Amino acid sequence: MKVHSRPLKVADFEHMKNILFRDGLNEWNYITDESIEQQFQQIRDGKALAVLAEECEITGFAILIFKDACPSPLSQYSDLSTMAYINDVVVKMHYSGKGIGSRLLLKAIELAQKAQCEKVYIARHEENLASAGMMRKASFQMVDTFYDPNKRTTGSRNTSVLVKNLFPCSRNFKGNN
């Protein structure tokens, strides 16, 4: 299984969208047509990358968003111009539990560091234990948990935000670590 980033073809976007809606939908994830289109446009505009897990086809992916294209609410934790944000991470159901999600996260972190980002942020439903484990393996640390009823419709309805510091002596951190 190759985990990498490469230029996407038109058909890749449709394939990724199908994976999201077939294998990414569950009670913990917030996936909408609008959010997918926004991420895909950021890739087309060079503001984000798709990190792919591929054998003969795409079996999983993560979207890595760079700097000022990151979601603006993250500015309460750090300067947007110095961060990356990992948005959707999804693996085809047939491949789940094989460490592919963790490998996608590690590759995204590597690419963020190459882009001179100081921190990488990621968010999840507070109660999503599979995502929590994957993020812990990648050394993400909890930053904040907050009530997020517009995005989270089940369980506690809380979103947890996590960070991985790429350069430990980073000076512009605004929040708690």
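**Entry 1: loop residues**

I began with lysine 67, which sits in the loop between strand 3 (58–66) and strand 4 (83–91). Helices (H or I, at least four residues) and strands (E, at least two) are taken here as DSSP runs, numbered from the N terminus. The model is a predicted one, in which local features need pLDDT of at least 70 and side-chain atom pairs count only at pLDDT 80 or more, while totals for chains, interfaces and linings use all residues. I number residues from 1 along each chain as its sequence is written, and side-chain values use heavy atoms, with hydrogens and water left out.

For lysine 67 I noted a phi near 50 degrees, a positive value in a residue other than glycine. Lysine 67 counts as partly exposed because its relative accessibility is 28%; buried means under 20% relative accessible area, exposed over 50%, and partly exposed in between (1.4 Å probe, protein chains only).

I then turned to glutamine 116, in the loop between helix 3 and strand 5 (119–125). Its phi is near 65 degrees, again positive in a residue other than glycine. With a relative accessible area of 56%, glutamine 116 is exposed.

**Entry 2: isoleucine 19**

I located isoleucine 19 in helix 1 (residues 10–24). Isoleucine 19 counts as buried, since its relative accessibility is 0%. I also looked up its separation from valine 90: 71 residues in sequence, but 7.4 Å in space, C-alpha to C-alpha.

**Entry 3: helix 3 and helix 4**

Two packed helices are described by the angle between their axes and the distance between the axes. The axes of helix 3 (residues 100–114) and helix 4 (residues 129–137) come within 9 Å and cross at roughly 45 degrees. Helix 3 is therefore oblique to helix 4; angles under 35 degrees count as roughly parallel, over 145 as roughly antiparallel, 65 to 115 as roughly perpendicular and the rest as oblique. Axes are lines fitted to C-alpha atoms, for helices over the stretch in contact, and angles run from 0 to 180 degrees between N-to-C directions.

I found that Gly101, Ser102 and Leu105 of helix 3 meet Met134, Met135 and Lys137 of helix 4, where contact means heavy atoms within 4.5 Å. The residues of this contact divide into 3 nonpolar, 2 polar and 1 charged.

**Entry 4: the whole chain**

I recorded 4 helices and 7 strands, running β-α-α-β-β-β-α-β-α-β-β from the N terminus. Of the 177 residues, 49% count as buried. Among contacts between residues at least 6 apart in sequence, 64% join residues at least 24 apart.

Note on methods. Nonpolar A, V, L, I, M, F, W, Y, C, P; charged D, E, K, R; others polar.
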